Amino acid sequence: MEPASSEIREDVYSRQLYAYGAEAMKNMAGANVLFIGLAALGVEIAKNVVLSGVKTCVFYDNNLVQKRDLSSHFFLTVEDIGKKRAHVVTPRLQELNSLVACSFYEDDLTVELISRFSVVVCTNLSFQDQLCINEMTRIIGLPFISARTAGLFGYLFNDFGPKFEVFDTNGEECAAQMIASINDEGTVTCLEDKRHGLETGDYVTFSEIEGMTELNNCPPIKVKVTGPYTFEIGDTSSYSKYVRGGLVQQVKMPKIFEFKSLREQLREPRILPFDFSKLDNPIQMHLGFLALDLFSVRQGHLPRPYNSRDLSIFFKFVDEVKSEAHGDIKISKKYLSNLCYQASGDLPPMQSVLGGFAAQEVMKATSKKFTPLQQFFYFDSLESMPPDAQLNEEDCIPADSRYDGQFAVFGQNYHCKLRNLKTFLVGSGAIGCEILKNWALCGIGSSDIGSIKPLRLSRLQALSHICCLGSINVTDMDTIEKSNLNRQFLFRDSNVSQPKSLVASQAVKHMNGAINIQAYQDRVGEETENVFDDDFFEQLDVVVNALDNVEARRYVDCRCVFYCKPLLESGTLGTKGNTQVVIPYLTESYSSSQDPPEKSIPMCTLKNFPYAIEHTIQWARESFEGLFMRDPETVNQYIDNDTFLGQLQKQPDSTQKEALDIIQKSLVYERPRNFADCVSWARLLFQEYYFNKIAQLLYNFPKDSLTSSGLPFWSYPKRCPTPILFDMNKSLHLSFIVAAANLRAALYGIPSCRDLYVSRFSQLLGANLSIIPSSSRNFIKCALTETHLPEFKPKSNVRIQVSENESIEPESADLEELRRLYSSLPLRDSSLKLTPLYFEKDDDNNFHVDYITACSNLRATAYNIAHADRLKTKGIAGKIIPAVATTTSMIAGLVCLELYKVAFENRKLDSYKCGFINLALPLVTFSEPIAAPKAKYNGKEFTLWDRIEIYGEILIKDLIKKLEEEHQINVMIISCGVSMLYAVFMPKEKRKERYETTVEKLYVSTTHMPIPPHVKSLTIEVLCTDKDGEDVEFPFVRYYLKK
């Protein structure tokens, strides 16, 4: 096996790097994977693996493409029928990632061939074939993975060998915390600003402890957790007495996992549970799949859907398998009958679920990161069947159609419901691409009826067969970026900068030309309610969110509640993912519950007392935004806006002075003439940030300062800083100068000195400065030598905020000084405008991340905080969400399984599933959606889905009368949005005037805006009391406008 490449293409794998880390990615980049089987499940796994970035993928499948393969296979078309699968699919997989070498193999599989690979993946093979291959992988010592689906059933199996070492079992950040105390018994107590995050059995090491110094930099110690802020490390009575301070840092230790062979596991399976309401199902499936295997081998075909003879034979094989099984297993004939009936079923969402999970196991085998599956995972989604469906063999008989795999499960009649669905997908990024792929393969919104055999249908059913009533609508305002390509598989290099929704629509239209799909490039929000208006939402059957921000999710959720439309919600975070189902009149909405707000860093910590690298990175990001975005914007407003100075004069004196100083310095005193001036400015900035400000802080609070209670001021969590003396021979100092100077030059349109940009900071650490061309070194040295550094003198009147609750009033400006600043402002000349820089994390040549990395690490140096490399800095500063193709695939599959339930009009709350997965552990769990909470008024129950419907045009007094008489309430306030239309506490004359005004006219007069033509109704909120005078909740009123 060739060694892994040492270089990782961050432009391609940037989001994935934050989930796997550099070490795992390097392991993956050296891996060779053999895939045996390229039907739908095989290609789903292969797609995710190729996107993730191994070294080579070799595909083995000599079967010919059949029409039924199109049921779930996104890389096959009608034109491919009759060709070898591997020949057709391999070049299409290669298009996904040019960094992975893809090829196919056609000769016999031998031990010698298999020994060339890092892992072997089998799909839809008989157990006999799996046993043969697994025996070879056991001999060689290779991980073996197999998977299979049958309708709404499927399984995944792992055998990574007798001993498989993992260097990180969960991928979580190592816990780190400050220490409050350590006693002689070895109980460590942490500061109570946050939980330590450790678990019993974790390992830790220590640093910066005063007193008990024996623990500093000690070998990893195993801990026993005794509380959220305490843990034990064993007897420390022989150590020096603890005085104060210290840091505890978790250390990840390798872990060995032991696996049994497939032959052993078939007899005594170790199964991962997936749904605590189905604890008996996995072992039933285990027996069922063994029986299906016997049926297929001995009968020469799979059981036919709803064929009674085949079902009888199948249960004979079940009895045979059961007799050889360990333990007494109770058989559910009803459950296993479904498995038999669906044996030939082929559903795209099931391939996504099992394919995403299996691909993650491939990544574990190649990366040595995350906990592998031990060893079977069985999964079913029988709740996705049409409720109370009475299917028979004729309903599910093959029709020589691309949908035969779906007919085998749901029948042709129920397939019509899928074709006629009107769907709206909001977002076509990673999850959106996967969902669109599933929808196209399922035939949602399709008019493909040419090959469907005629059945005994009602007139309405026959009409729906002929007329496609369904459609797919998708919107996304974003364009495709390079970093999208390794997880948004519908896009290619040639699509970069093109609209996501348009390219995604074209791609799935190529998969299934019969689908009716409409692409929009609009953000879904208040500003586009003329596009996604009443008519648009009212014709929809379901809305699916594939968004990456909470604000947009809440808006779409509110629209779905307003129009009473089902909403399928989902999200991913690295190997974690979740799904939520929102069903009108059954469940709560997405907005009914929300996560607690993200904890912010106190300003005093950020400005003066950082103690974690996250603090210095945030401080550096703020520096970037202030110097290179907000300051230039202020200057440009002064030049462009005639009213700027008038508005500024209404602000506090300190705000005025700050803005005027920025304008004066930017346009007059500090305006650079050339790049040398930019270098000088960067040097002065270095001096201000890392010497002057720190020296001032130490002047206010010397190292030996005491608090009012007599304790040392510089005690944890405060870290006493040290001013930094600039040294051009230190690469970190130089990288700050180079990045800051180039950003300064960009503001003023001065050509940047790219040859000064030696390398990214992560490569500069420890670098030999001789790699910088001598001409560049001399240029920098000359510019720095000519820079005049004013002598620093601490000020006695500077006040520094010490605690979050302390308020420091800004220093007021002298009125005479303000007058001088106003009178000396330069002329407003458009040629003097600056070019503000907006933070862009994915451009490696713009110096943005380089500046923040150097700026942060210099501050970390001053405060003795461990540095962060460029990758970590970019992730924190850019708030990058880790993303991997495997999680995306599985979550999209789970969403589409819920879509079946919506399409088949399932009204049972316990049929729907909200899912949570963490493929790193692995963990797959489901829960019933939370029922819609109920409120009451005058004994009448209602939920957020209920509303009072009133048709205009009526007067306010008539609206009040109608509500009070029909609902026995006393109306107190009527509002619409932020406008108050009526209130009992209004002056009598005002109330009298409004009584005689229509709702429409009152809305227009209070909002000072006309009602847009596309608006059909207004949402009116009523505050009221019941007949006993008690305040009560009341449903909102939907007021229909008269057209």
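**View 1. Lys83 and Asp80 form a salt bridge.** The closest N and O atoms of Lys83 and Asp80 are 4.0 Å apart. A salt bridge here is a side-chain nitrogen of Lys or Arg within 4 Å of a carboxyl oxygen of Asp or Glu. Side chains of opposite charge can pair when their charged atoms come close. Asp80 is buried, at 2% relative accessible area, while Lys83 is partly exposed, at 42%. Buried means under 20% relative accessible area, exposed over 50%, and partly exposed in between (1.4 Å probe, protein chains only). This is a predicted model, in which local features need pLDDT of at least 70 and side-chain atom pairs count only at pLDDT 80 or more, while totals for chains, interfaces and linings use all residues. Residues are numbered from 1 along each chain as its sequence is written, and side-chain values use heavy atoms, with hydrogens and water left out.

**View 2. A salt bridge links Lys437 to Glu44.** The structure holds 54 salt bridges. In the one between Lys437 and Glu44, the closest N and O atoms are 2.8 Å apart. This pair links distant parts of the chain, 393 residues apart: Lys437 belongs to helix 13 (residues 430–442) and Glu44 to helix 2 (residues 40–52). Helices are DSSP runs (H or I, at least four residues), as are strands (E, at least two), and they are numbered from the N terminus. Lys437 and Glu44 are both buried.

**View 3. Lys934 and Glu941 meet through their side chains.** Their salt bridge has an N to O distance of 3.8 Å. Lys934 is exposed, with a relative accessible area of 61%, and Glu941 is partly exposed, at 48%. Elsewhere, salt bridges that share partners join Glu10, Arg15, Asp842, Asp844, Asp850, Arg870 and Lys874 into one network.

**View 4. A patch of negative charge lies on the surface.** Asp478, Glu481, Asp548, Glu840 and Asp843 gather in this patch. Patches are made of residues with over 30% relative accessible area and no salt bridge; like charges are joined within 9 Å, and nonpolar side chains (Val, Leu, Ile, Met, Phe, Trp, Tyr) within 5 Å. Asp843 sits in the loop between helix 26 (815–823) and helix 27 (848–862). Asp843 counts as partly exposed because its relative accessibility is 33%.

**View 5. Residues 912–1037 carry a UniProt domain label.** The unreviewed UniProt entry lists this span as "domain: Ubiquitin-activating enzyme E1 C-terminal"; such annotations may be inferred rather than shown by experiment. The end C-alpha atoms of residues 912–1037 lie 29 Å apart, and the span is 23% helix and 37% strand.

Key
Accessible areas come from the Shrake-Rupley method with a 1.4 Å probe; for residues, only the protein chains shown count as cover. Lys and Arg count as positive and Asp and Glu as negative; His and the chain ends are not counted. The place of a charge is taken as NZ of Lys, CZ of Arg, CG of Asp or CD of Glu.
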